[in-house]
Structures are given as C-alpha cells and as structure tokens.
Amino acid sequence: MSGYNTLWVPGMDHAGIATQVVVEKKLMREMKLTRHDVGRENFVAEVWKWKNEYGGTILRQLRRLGASLDWSRECFTMDEKRSLAVTEAFVRLHKDGVIYRDLRLVNWDCVLRTAISDIEVDYIDIKERTPVRVPGYEKLVEFGVLTSFAYPLEEALGEIIVATTRVETMLGDTAIAVHPDDARYSHLHGKFAIHPFNGRKLPIVCDAVLVDMNFGTGAVKITPAHDPNDFEVGKRHNLEFINIFTDDGKINSNGGAEFAGMPRFEARVALTEALKKKGLYKGDKNNEMRLGICSRSNDVVEPLIKPQWYVNCKNMAREALDAVIDSTNPKMEIIPKQYVAEWKRWLENIRDWCISRQLWWGHRVPAWYAVLKDDELKELGVYNDHWVVARNEEEAKEKASRIFAGKTFDLYQDPDVLDTWFSSGLFPLSVLGWPDDTKDLRAFYSTSVLETGHDILFFWVARMVMLGMKLGGDVPFGKVYLHPMIRDAHGRKMSKSLGNVIDPLEVINGIELKGLHKRLEEGNLDQKELETAKEGQTKDFPDGIPECGSDALRFALVSYTAQSDKINLDIQRVVGYRQWCNKLWNAIRFAMTKLGEDYIPPEEITPATLPFSCKWILSALNKAISKTVVSLDSYEFSDAATAVYSWWQFQLCDVFIEVIKPYFAGNDPAYASERKHAQDTLWLCLDNGLRLLHPFMPFVTEELWQRLPSKKDSVRKESIVISEYPSAVESWNNDVVELEMDMIESVVKSLRSLRSQLAPNERYERRAAFVVCRTDDACHIIKKHELEVSTLATLSSLDVLSEKDDAPVGCILDVVNESLSTFLKLKGIVNVEAELEKLNKKMEELQKQCDGLKKKRSAPAYQEKVPVHIREVDEAKLASLLQELLSFKEAREHLERENKET
C-alpha cells in the first residue's frame, strides 16, 4: 500500500523434537507401539502422514487471520530445496572448520533419548526437600536433598566424607578432590579411596579450581562423565570417564550387577539404603538447588558424555553482536531496545552449539563413517578421523576413497539428525533460493524486518544472524521486532495441560465448551492432565468462545502490544472489538445513504470553501494519518491502532456524522451547498479512513471499500490492499478550527453530563440550554457554532449569554472551565441542595489542586531548581484554576439566590 516491492514468505519448520514426541504418543495411544517397534523408516512415514494432516494448521490460521503472504512460495524446512540448503551449509561449515565432532558432556533427555541444547533446558529453583513428578516414575522423586556418605580409605587411613544431591552418580565416581592448601587432607595427597560397591581405587586429587575448603567437608566426589564441573576436573587430572547410564536413564553394566537395569531415581533410593547397610551413610539435609528440566518432555536433564557434532560459534557470535551494538556502523536494530542487553548477554557468553540430535525426524547429518577392514574396533564413531562429510553418498564414497586410498572400507551414514534450529537458522537464505544465486536472493537478501517472539531471540534470531553473516555475507534483516508473548487472561503461560491454549480459529469462528473439550480429548494428554485441562476450560469459558471474526482478533492483538513483554489475552476484549466492527459497519452503511445512489466523488476538494465541520474532520483525519504512519514506522503498533480507532469512533462517528445531519434533514434548499460539501467530505473520509484502517482490519475494510462510489472516469484498484495508503495533506491542517471544535465539544460534554442527571424518562427530550461566556472570544465562538452545539447536545434551543446578562433560572448548571458555564432547563423545580452539593464537591477538588500547586511553588528551591518554562506553565495553570474556582463560586451564589427567591 505504501508502494514498496514487498515479499512475505510463508514457511514452516519441522519442529523435530516436538513433532516426534506427538507422533510417538499417538502411536502408543492408538497402537500401543514405540517408534523402535515400528522401525525408523515406518516411523518417519507416520510422521510425514501426521505432518500432511496437521502440519498446515499454522498456515491455515495465518490465512484466516488475513496475513498477506505470497502463498505461491510456501516452503517447509524439510522440502527438497531447503534440505539441499541444509546439506550445503553443513558441508561448507565443516570444510571451514566451523562444524566439528567432539566427545563432550551433553544435556541428555532420557525420555526422548536425545541430546538437547542448553537453551532447551528450563530451570526450577528448589529451596528445600521437594517431591517432583518425573515422567516414567509412578512415585514422586525427591529433590533438594544433600546426602552425605563416606568412602573408606586405603591403608586403614579411615574414611573421607563427601556429599551429593545425586547419590546414584557415585557409581561413576573416579576420584575425590580436595583443596591443596587444606591441612585436614594433606596426609591423603596421592592416596586412594576404595569404592564400596565395585572396589575401584579412587585417587585423592588436589584441585584449587573446583574445591572450596570452607564448604561442607572440603572433599568433593568426582564423576567426570556426569557433571560439567567434574568433566573439567577429569580433563585436568586425566581421570577415567565412566558412563553409568543407558540412553533411557537406567543404570548400565558399569554401575555393577546389584544396580544394573534400575531407573536412575530408583537407584538413588536403593544406593542410599545400601550405604546405610555398609555403615557409610552419614545423613541428609535440605539443600537449595536448581533443577534442569527439558522444556519439551519435562524430564529431568541428565548430563551424559556423548560424541556429537558442534558449531564453533565464537567468531560468528562476535560478528552478530557487533552488528547490533557497533555504535559507528550498526547493521541491525532490535525493537524494543530492552532486548539488546539480552542479545549481548547471550552472545558474549555463547558456548559451541551442539547440533546433532538422536532423533529420527529431521535432516540426517550429511556425514558417513568409514569402517575399515583392518580397524580393531568396528563400532560406529569409535575413530573420530574416520568421518567423511559430503553432500550425498556418492560424494562420500569418492572422498573416502581418496582419504583411505588402497584400503577396504564400508560407509555408514550417521543415524543422528540435525537440530531443527540449524535448518530454521538458514531460512532467510534458503527461502530465497540459496545456495543458488537466484533473482530472489539478489532482490530481497538481506531482508528488511523479522517479526517474532522475544522467547526465541537466541534460539532462532541469533542463529539466523550468525549463519546469515557467515554464509550470506550480510545480516539477514535490518530490523528485528519482538512481539509480546500471548498468555491467558490470568497471565499464565498457555499450556495444553492447563487447558488454556487458545486457537485463533476458535476465536474467529467461535466454539462451544463441548467443542473445546473435544479438542483436548483428541490430543496427547494423559487422563489426569485431561481432567485438569477440562476444568480450566470450564472455568474460563463456561459458555464457550463467542464468534469474534478475524478483524476483531487482529485489532485486539495489535492494541495489546503496548503491554510490555506479555499479552494477557481476555476474550471479552476481542468481543468488544467485534461489537465495534458491527458499529463501524452500520455507521458506514448509514453514512453511505447520505451519499445517495447517483453520487460521484469530486476530483479534488478545496478545504477553504468547506463548512466548519468539514474543515474540522479533514484536519482531524490529517492528524490521525500522521500519527498512524509515524507510529507504524516506529513499530508503536498500539499507538497506531489507537490513533485510527479514536478518529473513526470519537471524531467521525460520534461527531461528524452527527453534526452534518441538519444538512440532510428534509433536503432544505438553504443547506444545499453545505449538503454537497458534506457529501464530498464524507466520501473523502470514508475512502481515506478505510484505507487507513485496512492493515488492522482487512476484511471489513475490503468489503466496505468495494461499495464506495468511484470518481468519474477513474479505474478502481482491484483490491484495497493494493490501493495507496493515506498520507497527510498539508492543506487539510487547520489548528484554529480544531481549537474551536475543542471548545464546542467541551460544552457539549458538559450539557450531556447535565442531561444524564435527569430522570431516565426525561433524558431523551430536547431541552433549552444556555451557555454563559466570560470572555469575548468564547462568546464569539459559541455564538458562531450554535447549530453544532444544539445538534450534538440534542437541544430545543440554545442561548449564548455574557457575564453581564442575568443568569438563567430553573436550570441545573455546570462549570466547563474558567471561561464557560452551561445551564440546562428543567421542567420542574431545581433541587438546589443537590446542585449545591455537586458544586461543593467540585470546588473541594479544585481547591486541593490549587493548594498543591501553591505548595509546590512556595518550596525553598523552586525558583532556583525548576526550569523557567515549567514555572511559567505552573503559573498559568494556577491562574486558570483560580479563575475556574471563581466561576464555581459565582455558580454557587447564583443557586443560593435562586433558592431564596423561590
């Protein structure tokens, strides 16, 4: 609409972990089978089937919401073109040494049986002994407990006491660390403790980096294969790394026959009992701790040592950071600016990115392992130098033949898949055709703006920037707008298990409570979660969700964006905007009846020749256009929505359409000129106003705009979406007219307020009114606009009086400001006592304001510290308040006189 060559590409990622979890649950629920039961090929086929049936939900939602995407370019991270781009990126990054394979500790999910990234781990703070529900365990598992036990020492040297929150990991202990300066243990340097369950000799090592001699006993058990800190100790002291867990979280053969096969947290209990039997248990106590939970499965994360593929992020992160914070040449802007600090924190402390996942759904790692005929060990991945990275198997064979020339080998592709965020991180490039040098890539990369949620600033945005700069040569977008996260009306995060997830289609179409329940029943919740979710839905939506339509939902969401980093979505607010859509529809249909069937809009309008109300509405429209455009340009979407809404509701509908009604009453020839001007101005307002509102409410504006009459000999654009977005017209501005209308509206508001005090059966009768003016300017303006005041305030007559005139009797009155008072004629006798009480209350409030301002101005440092322009404002405000107070006193005296006379 603003004339830009615009492209918005619809795309979906394959959501590796989340999708696999859904399909695995579906298989178990419907067929009582695991993915291992059906095999990889059949499982992946099941996932594709599920994806084809349900994977388009988000795109369907976007269509219904009226998003203006180029649907012909729809793409998916696992379609052929995007998959080729993923392979190419991996190969190039590996060739540059950015991607490498290493044996390290990873965050392991025992339910999903895969590594997960650091940022897929949520942490819960545990203050003391706390039972926690862990997937796969019938009983709650206790955390927040520090257990102490002793290791016997060799040579009858006694014992050494250590403490841990994870007793089960002692089966993998390979050392005990003490501080080199701790005198209590100096005699044990170089000695050994004996493992009570397997007889393993554990060296006593000195480590000043890890051990705090003033904490606990000053002795620390070391499990290099299952703790990040211990992993570093193991490397420093060349210790043995012993993994004691299977991939599904059970004790393996390294843990000993007594505990092998036990789930890890059941082994915790069994080991505690075994230590007690051996007399080595020394007690436990509450312990404050942070527990790592997988955000996907809710499983307790287990550190495991595993060979994985990594991306070296150090140099790329530095470039991505500079792109935002470089004060001399920033390439990218993050909006709102508060998230720049988070960007800086993430990228300054970045660790290498583990990109391999032990899943079946996703892009297979394009790496093949060569098992040589003369290799001593034949297991996949044993020798790190046997990996060959290639675009396909044929290329891998060719490379392997050169690397292992003259040797016999078999090639096996890595069974792992890549982290979903790796392919998503390539999206700005891959959707435009990269790695090919396409027209789209040349025309649109780098792109203008990315709009996404602040919760994936690092997950996705940082990865796109790093990969975009590395592979595309520039930042993928110039601006990043981070929208607030949508929560329920109570501020809770939306969760399927709480039953508070709102599908936008259900808000658009409406849905009964039983329909909401049915959606839950068709999902993957267990019975307890299902009951909880249904209770939540019944409480929040006892009558279901009413049909609101796309326009109302869009407008509500945009207006909510002023709410910091969260949107607490109340459906009743959306319902309110649906009602406003109806009001808008009816108002415009009514307005169009004033145009008539044969109306033809003018080629142009000359504001100077227009009646007062027409000049005013065009000036107000100009302000609304300017405010909307400026707000949109600065990503202040809520302000833009408010500007459009306020003009339509409070200026066009509430004032202009009402104030021009006399011109159309009975086709009075005296108003012929005003009537024609009002028609032309009304058409101009409807045309500009609908185009101004269109980005917010595309459907209702399209429908109504198509019904507007067209200018003579002009060719209407096919759709409002390709018509021109309004821009301010200098000649429409008229500050004098706007100031006069402000005075008119203040008088009308005062008279309406007086009318609201009447008995319900009298409120709609036309009545006589009076306006007392205390300045010549006010008197001139109100007299000039008696018709507008009478029309808007629904009066039978209006008399404009000066201070010299006798005050009207038999009226209720109100003081508008220091220059104006209003009087509304009553049928019967004025209840003077009630009127005096109202006046006294208002006077008390004014007196408080005066006293507060006087106190502020009499403060000792006021003259020295307060700037001159603020002192001038305060002085003018005080003078105005005092004059208004005087007006109230006069009104009170008038009432008291009238009371005496009656």
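A residue counts as buried under 20% relative accessible area, as exposed over 50%, and as partly exposed in between (1.4 Å probe, protein chains only). The model is predicted, so local features need pLDDT of at least 70 and side-chain atom pairs count only at pLDDT 80 or more, while totals for chains, interfaces and linings use all residues. Residues are numbered from 1 along each chain as its sequence is written, and side-chain values use heavy atoms, with hydrogens and water left out.

**Exercise 1.** Classify Asn 238 and Thr 794 as buried, partly exposed or exposed.

Solution. Step one is to locate both residues; helices (H or I, at least four residues) and strands (E, at least two) are DSSP runs, numbered from the N terminus. Asn 238 occupies the loop between helix H6 (228-237) and helix H7 (264-277), whereas Thr 794 sits in the loop between helix H27 (786-793) and strand E29 (795-802). Step two applies the cut-offs: Asn 238 has a relative accessible area of 70% and is therefore exposed, while Thr 794, at 31%, is partly exposed. Step three concerns the backbone: phi is near 55° for Asn 238, a positive value in a residue other than glycine, and about 55° for Thr 794, which is not a glycine either.

**Exercise 2.** Describe the surroundings of His 14.

Solution. Begin with its position, the loop between strand E1 (11-12) and helix H1 (16-31). With a relative accessible area of 2%, His 14 is therefore buried. Next, list contacts (heavy atoms within 4.5 Å): beyond neighbours within four places in sequence, the partners of His 14 include Phe 76, Thr 77, Trp 361 and His 363. Finally, the side chains of His 14 and Thr 77 make a polar contact of 2.8 Å. Such a contact is a pair of N or O atoms within 3.5 Å; within protein, one must be able to donate a hydrogen and the other to accept it, and residues adjacent in sequence count only if both atoms are side-chain atoms.
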